[in-house]
Amino acid sequence: MLALSASDLEASSSQPSSELAQSSMTPRIQAIKSLNQALSAGLHSPEDGNAMLATCFILVYQSTFID
């Protein structure tokens, strides 16, 4: 959610900021790493699956803000 928020701020900003663009990538990279670890560990409950799917949706949606 942090990465998505930073990407949205960058996209709606009148002056592009490379600092904001970089700060939006750090949480995104961490989210991808955590998702990979969770997928490797497998599903232990329906909630795990829902969280992984939601993470995928958010990462895909954030991709629309990335140049």
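**Figure 1. The buried residues of helix α2 pack against α1 and α3 in this predicted model.** Three residues of α2 are buried: Ser 24, Arg 28 and Leu 35. Their packing partners are helix α1 and helix α3, which covers residues 46–63.

**Figure 2. Helix α2 from end to end.** This helix holds 24 residues. From its first C-alpha to its last, α2 reaches 35 Å. At 1.5 Å a residue, 34 Å is expected, and the span of α2 is close to that. Just after α2 comes Gly 42, with a positive phi of about 90°.

**Figure 3. Helix α1 crosses helix α2.** Two packed helices are described by the angle between their axes and the distance between the axes. Here α1 spans residues 2–12 and α2 spans residues 18–41. Their axes come within 7 Å and cross at roughly 160°. That makes α1 roughly antiparallel to α2, because an angle over 145 degrees counts as roughly antiparallel. The crossing is left-handed.

**Figure 4. Residues where α1 meets α2.** From α1 come Leu 2, Ala 3, Ala 6, Ser 7, Leu 9 and Glu 10. They meet Leu 20, Ala 21, Ser 23, Ser 24, Pro 27 and Arg 28 of α2. By class, this contact has seven nonpolar, three polar and two charged residues. Two of the α2 residues named here, Ser 24 and Arg 28, are also buried.

**Figure 5. The helices in the setting of the protein.** The protein has three helices and zero strands. Along the sequence, the pattern reads α-α-α. The C-alpha trace spans about 45 × 15 × 15 Å along its principal axes. Of the 67 residues, 16% are buried.

Terms used:
Residues numbered from 1 in each chain as written. Predicted model: local features only at pLDDT ≥ 70, side-chain atom pairs only at ≥ 80, totals over all residues. Heavy atoms only, no water. Axes fitted to C-alpha atoms, helices over the stretch in contact; angles between N-to-C directions. Helix = DSSP H or I, 4+ residues; strand = E, 2+ residues; numbered from the N terminus. Parallel < 35°, antiparallel > 145°, perpendicular 65-115°, else oblique. Left-handed = near helix turned anticlockwise from the far one by under 90°. Contact = heavy atoms within 4.5 Å. Nonpolar A, V, L, I, M, F, W, Y, C, P; charged D, E, K, R; others polar. Expected span 1.5 Å × (residues − 1). Buried < 20%, exposed > 50% of the residue type's maximum accessible area, 1.4 Å probe, protein only.
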